[in-house]
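Subject: Structure handover

Hello,

Please find the structure below, with its sequence. My notes come after it.

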Amino acid sequence: MDKQSKEKLVLTNSAIKTFKTCSMKYNWRYLRGIVSVEDSEPLKVGSAVHEYLESFYKKEPFYNFATPGLSPKGRGFVEGVVDSYPFQYGNDFDLFDIVEVEKNLSGSIKNPASGRSSRACSFGGKLDLLVRTKAKMEDIPIGSLVLLESKTTSRADDNFWEQLKMDYQTLLYANYIRQEKKEKVVGVMFNVIEKPAIRQKKTETDAEFEDRVRMAMADESRYHRKFVRLTSHKLNSALLDLWQSQQQITRVRLLGNYTKNPSACHNYFKQCEYYQLCNSERPEKVIMNSGLYKLKQANSELMDEVRVRFPVEQEIATAVSF
Ligand code: SF4
């Protein structure tokens with residue numbers, strides 16, 4: 001290993017999820033720091049909504065109405081959330097006190113059996129909102145710490161909610177909050193905003209469609225909340241899983257043995273952003289010459305508070321080796 005590789009590698013929930021999907025994808029994204037030049041529409045929409053919610057709970061103005069490159073539907077959705085969320089959840093400030101907003105979490109990854117810390121990896125993440133209840137919410141005792149985790153989705157069906165019951169990210173966050181604050185997080189309130197399933201009509205202009213989507217977001221059926229209680233069993237299982245994941249990642253990294261997973265190349269009816277690289281005999285040339293990729297600091301959302309391996313965004317030409 002070179003000197004840089006001896007530094008601890010920060011593992012986020014996204015990084016682990018990516019590694020489990022395809023270790024080659026993990027290599028491109030988190031070790032090489034290569035990303036598509038253009039963010040996907042769902043990513044842009046999700047980021048804009050998260051930025052809005054951060055400003056809402058911090059009681060600050062929100063200016064990000066003009067996220068570049070959004071479709072009329074994406075713009076209408078974000079505008080509709082900004083218009084309607086305060087009417088749906090304006091009484092949140094009576095239900096709970098805000099403890100933390102968009103807070104970075106970090107810590108060592110420990111072997112649950114021996115208590116020994118990993119020398120190769122540490123944990124990093126960023127929670128949406130941590131609150132302390134001050135009024136009756138479901139059957140949560142008043143005065144409890146609760147994570148409020150926001151998600152946008154196209155379909156809040158039974159499968160969606162079942163998956164959230166096993167949400168690994170919030171289990172990890174609850175563990176690291178407990179370590180930091182010496183207090184248990186009793187559960188997660190999932191704050192889900194559902195996109196309207198409507199399409200642009202042939203007779204409709206972009207502006208008319210954007211407005212129709214914005215109006216659709218005034219419907220209260222687009223806003224959902226469900227509370228999931230966190231048991232000790234679930235919390236401990238997540239820590240064991242985290243330890244095992246860091247072992248697997250460390251082993252693969254030591255061997256440089258990143259493998260392709262062709263069954264993940266077209267997940268969710270979408271081609272993986274690295275398909276052009278994996279499909280090429282000269283991926284470095286594709287990176288340099290195609291204009292499809294740029295370098296981005298892995299885990300850049302955690303910058304400032306967690307030390308990560310790469311310098312902040314660099315010129316691609318200086319970092320790609322042949
Ligand atoms: S294109 Fe397929 S093999 Fe390559 S990184 Fe993506 S999922 Fe993995």
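Predicted model: local features only at pLDDT ≥ 70, side-chain atom pairs only at ≥ 80, totals over all residues.

Residues are numbered from 1 along each chain as its sequence is written. Helices (H or I, at least four residues) and strands (E, at least two) are DSSP runs, numbered from the N terminus.

Ligand shell

The ligand is surrounded by 13 residues, of which the closest are Cys-22, Lys-260, Cys-265, Cys-272 and Cys-278. The largest share, 3 residues, is that of α2. By class, the shell holds 10 nonpolar, 1 polar and 2 charged residues. In this scheme Ala, Val, Leu, Ile, Met, Phe, Trp, Tyr, Cys and Pro are nonpolar, Asp, Glu, Lys and Arg are charged, and the others, Gly among them, are polar.

Helix pairs

Two packed helices are described by the angle between their axes and the distance between the axes. Axes are lines fitted to C-alpha atoms, for helices over the stretch in contact, and angles run from 0 to 180 degrees between N-to-C directions. Angles under 35 degrees count as roughly parallel, over 145 as roughly antiparallel, 65 to 115 as roughly perpendicular and the rest as oblique.

Helix α1 (residues 13-21) packs on α2 at an angle of about 140°, and their axes are 5 Å apart. Therefore α1 is oblique to α2. On the α1 side the contact uses Ala-15, Thr-18, Phe-19 and Thr-21, which meet Ser-23, Lys-25, Tyr-26, Arg-29 and Tyr-30 in α2. Contact means C-beta atoms, placed from the backbone, within 7 Å of each other. The contact of α1 with α2 has 4 nonpolar, 3 polar and 2 charged residues.

The axes of α7 (168-181) and α9 (232-255) cross at roughly 100° and come within 9 Å. The two helices are therefore roughly perpendicular. From α7 the contact takes Tyr-168, Leu-171, Leu-172, Ala-174 and Asn-175, and from α9 it takes Lys-234, Leu-235, Ala-238, Leu-239, Asp-241 and Leu-242. These divide into 8 nonpolar, 1 polar and 2 charged.

Hairpin

Strands β3 (residues 96-110) and β4 (residues 117-133) run antiparallel and are joined by 12 bridges. Strands pair if DSSP finds at least two bridges between them. Phe-96 stands opposite Thr-133 in β4. The hairpin has 6 residues between its strands, and Gly-115 there takes a positive phi near 80°.

Loop residues

Most residues other than glycine have a negative phi. Glu-138, in the loop between β4 and β5 (145-153), has a positive phi near 45°. Lys-182, in the loop between α7 and β6 (185-194), has a positive phi near 55°.

A residue is buried if 20 or more other C-beta atoms, placed from the backbone, lie within 10 Å of its own, exposed if 12 or fewer, and partly exposed in between. Glu-138 counts as exposed because it has 12 such neighbours. Lys-182 is exposed with 7.

Pro-262 lies in the loop between α9 and α10. Pro-262 is exposed because 9 other C-beta atoms lie within 10 Å. The C-alpha atoms of Pro-262 and Tyr-275 are 9.6 Å apart, and the two residues are 13 residues apart along the chain.

Regards

Definitions and conventions: Near = placed C-beta within 6 Å. Contact = placed C-beta atoms within 7 Å.
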